[in-house]
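Open the model and keep the sequence beside it. This walk goes from the ligand to a loop residue and then to one helix.

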Amino acid sequence: MTKATPEHVPVLLDETLTALNIRPKGLYIDGTFGRGGHARAILERLSSKGQILGLDKDPEAFMEGQSLAAKDERFTIEQCSFATLSNVVQTRSWQGKVDGILLDIGVSSPQLDIAERGFSFRKDGPLDMRMNPDEGISAADWLAYASMDEITTVIKTFGEERFGKRIARAIVETREDSPLRTTKQLADLVDKASPFREKNKHPATRTFQAIRIYINNELDDLSVALQQAIDVMAIGGRLTVISFHSLEDRIVKRFFRDQAKGDNLPAHFPITADQLNPSIKLIGKAIKAGEQELADNPRSRSAVLRVVEKVK
Ligand SMILES: C[S@@+](CC[C@H](N)C(=O)[O-])C[C@H]1O[C@@H](n2cnc3c(N)ncnc32)[C@H](O)[C@@H]1O
């Protein structure tokens, strides 16, 4: 079993390492460096010729990556979205040479644990939620001007929250008196606006997820990155994606299924499956955490790992 870093326990670590089918001299990209749990474990499996490029939007993740880069010349990091993967790869002349890519999407434990980042309804902090606080607008600023319809759509679509309209109305009514500036204000407001409680789930869970996804453009970035990831890999390269909720997993699953099928020709078109030019093949089924990991790390509960290999 590979050892984890203290701040963030990487999920499905052994499964991801196996899925990446690591070549010691290979070129790898960790598109979501976080605290480097996965990246460090990949580094352990590389020879002196192998390399990993880490990406993360988050300034603290970037700093952690810089300190790793200072110690290990096989590792480099850039602070950017994984949606810019193609550009980053082109700048390094890695186009068509990448042997494996990992996207472990969503938020990291430190982002949730540090109240000042504003991601958590369990800790009181400024209502920010930006993975890169120097880019885009904070949740508080967005909630201060967005229309009720916009807020409803976000909460319903990205939170799958059926009380989205009630919650949005409560937000708009509240902000007329005083602006929503803290995570606690929003969590309390959602709590009050929710007609009933789900067992073991804070009523604000879905709303916080929704606003975070919207503020960070998470689903669009994911869709863009999946195609770029396939494009930049070498034949035989492996793409591994860990997602944490059904919206993300649906995007990954559909994209992989469509790419593995190849050209979208009418049914009964007289050609074989091979002639449909699939760019990838699926490697196994969706992988979830085993009993031991579930017991050791509650974050692994909703993690789903999907793996594909580039074939063309
Ligand atoms: C679940 S954590 C990754 C943890 C990491 N695998 C580890 O073992 O430490 C997700 C990370 O992805 C980053 N992230 C999320 N969306 C991103 C994006 N579009 N581009 C770059 N980084 C992103 C977050 O800032 C966060 O640090």
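Predicted model: local features only at pLDDT ≥ 70, side-chain atom pairs only at ≥ 80, totals over all residues.

Numbering starts from 1 along each chain as its sequence is written.

Start at the ligand. A shell of 22 residues surrounds the ligand (C-beta atom, placed from the backbone, within 6 Å). The closest are Pro 10, Thr 32, Gly 34, Gly 37 and Asp 58. Helix 2 (37–44) and strand 2 (51–56) are the elements that give two or more residues to this shell. Helices (H or I, at least four residues) and strands (E, at least two) are DSSP runs, numbered from the N terminus. By class, the shell holds 7 nonpolar, 9 polar and 6 charged residues. Nonpolar means Ala, Val, Leu, Ile, Met, Phe, Trp, Tyr, Cys and Pro; charged means Asp, Glu, Lys and Arg; the others, Gly among them, are polar.

Now find Arg 130. Arg 130 sits in the loop between helix 5 (109–113) and helix 6 (139–145). Is Arg 130 buried or exposed? Arg 130 counts as buried because it has 21 C-beta neighbours inside 10 Å. The cut-offs are 20 or more other C-beta atoms within 10 Å for buried, 12 or fewer for exposed, and partly exposed in between, with C-beta atoms placed from the backbone.

Finish at helix 9 (residues 183–193). Its buried residues are Thr 183, Leu 186, Ala 187, Val 190 and Ala 193. They lie on the same side of helix 9, because they cover an arc of only 135° around the axis (taken from the directions from the helix axis to the C-beta atoms). An α-helix has 3.6 residues a turn, so residues three or four places apart point the same way.
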